[in-house]
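User: Can you walk me through this one? I have it open here.

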Amino acid sequence: MAENQQQHHVTPLWVYLGVGGALLVLTVVTVAVAKVDFGVLVGVSSLNIIVAMIIASIKAILVALFFMHLIYDAKINMAVFITALLFLGVFIGLTMFDTVRRADVYELEEGPIKPKAKIYQNQ
Amino acid sequence: MATTSTHSAHPDYLQHHFSDPQQQQEAAKLGMWIFLLTEVLLFGGLFCAYVIYRSWDPQLFINANKELSVPLGALNTIVLITSSVTMALAIRCVQLNKSKQSAAYLIATLAFAAVFLVVKYFEYSHKIHLGQLPGQFYTYTGIEGNNPHIFFSVYFMMTGLHGLHVLGGMGAIGWVLWKTVKRQLHSEYYTPMENVGLYWHLVDMIWIFLFPLLYLIG
């Protein structure tokens with residue numbers, strides 16, 4: 001059993017408390033910066049959502065690396081997780097190519113997405 | 001059979017089809033990560049729906065999102081992050097054979113999960129009371145602009161699926177708490193708790209994205 005002992009990595013207590021503290025600080029930061037208007041990035045998207053997603057990604061990376069032990073683990077687990085994120089990117093990316101540029105091919109009209117909703121019967 | 005050295009030597013938590021505990025643990029963990037991959041893609045469908053509707057009408061999301069309570073959302077974020085810390089500490093304690101402390105941390109994790117769901121209950125009942133419901137059930141008239149019900153469809157589906165995962169996670173944590181109290185988990189074998197921890201951290205990670213996407217876009 002002694003040789004198995006070294007395979008179990010015990011993360012030091014200060015790492016967990018430090019990462020937890022960093023996550024709480026970043027939560028406060030993301031709420032605080034949401035009140036600031038960063039303007040628009042060359043007409044594509046508001047900068048606020050990009051800032052919010054960068055902070056959320058930093059938090060997610062901290063959780064994955066330290067709480068989920070990916071930094072200490074066999075690299076195969078990291079590969080599985082990164083594969084999931086890559087395919088999520090393919091999924092959302094290709095869908096956006098379709099839905100954002102569809103108006104270039106077909107004529108689209110703006111209107112209520114579901115006119116049967118009760119809210120439209122009241123008007 | 002029973003007299004062969006390999007069989008008489010193996011501990012009771014080691015299944016016959018694994019050569020040693022380390023191989024068993026690594027196989028179980030890889031399987032858990034592949035399950036988490038399917039979870040990422042399950043929520044991915046809803047994130048994709050969010051991105052589509054938001055790209056069609058960004059103003060709809062900005063108008064409707066003001067109805068959500070940022071303090072309650074932030075409170076739930078802090079509660080869930082804290083529960084992730086206690087979950088990680090529970091695993092650390094079982095690695096060090098501190099079963100009682102480990103059980104205490106698991107109970108704390110369960111308590112934080114319950115607080116999360118209670119806060120969610122108050123948010124939901126407030127919205128149901130106002131008629132801020134998905135799709136055709138939407139009756140609220142206090143939001144400017146077209147299609148505000150789309151935001152609440154996205155909101156209820158994303159937070160609803162996440163809430164179900166919190167509930168399922170509580171069941172899983174209860175199960176490893178039972179195993180810990182029964183002294184079935186210890187420094188040589190704690191794979192069930194480790195895998196439940198991975199699941200719990202993923203649920204936390206998904207909320208880390210849901211919170212800014214739903215509450216902080218005004």
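User: Which residues in helix 3 of chain A are buried?
Analyst: Asn48(A), Ala52(A), Ile55(A), Ala56(A), Lys59(A), Val63(A), Ala64(A), Phe66(A) and Phe67(A) are buried. Buried means 20 or more other C-beta atoms within 10 Å of the residue's own; exposed is 12 or fewer, partly exposed is in between, and C-beta atoms are placed from the backbone. Helices (H or I, at least four residues) and strands (E, at least two) are DSSP runs, numbered from the N terminus. This is a predicted model: local features need pLDDT of at least 70, side-chain atom pairs need 80 or more, and totals for chains, interfaces and linings use all residues. Residues count from 1 along each chain as its sequence is written, with chains lettered from A and ligands numbered from 1 in the order written.

User: What comes just after helix 3 of chain A?
Analyst: His69(A), with a positive phi of about 65°.

User: Switching to chain B. How many helices and strands are there?
Analyst: Seven helices and zero strands. The radius of gyration of chain B, over C-alpha atoms, is 22 Å, well over the 17 Å from the globule rule for 218 residues, so chain B is more spread out than a compact globule. That rule is 2.2 Å times the number of residues to the power 0.38.

User: What does the C-alpha trace of chain B span?
Analyst: About 80 × 30 × 25 Å along its principal axes.

User: And how many residues of chain B are in contact with chain A?
Analyst: 49 residues of chain B, with 45 of chain A. Contact means C-beta atoms, placed from the backbone, within 7 Å.

User: Which helix gives the largest share of that side of chain B?
Analyst: Helix 2 of chain B, with 16 residues.

Conventions: Contact = placed C-beta atoms within 7 Å.
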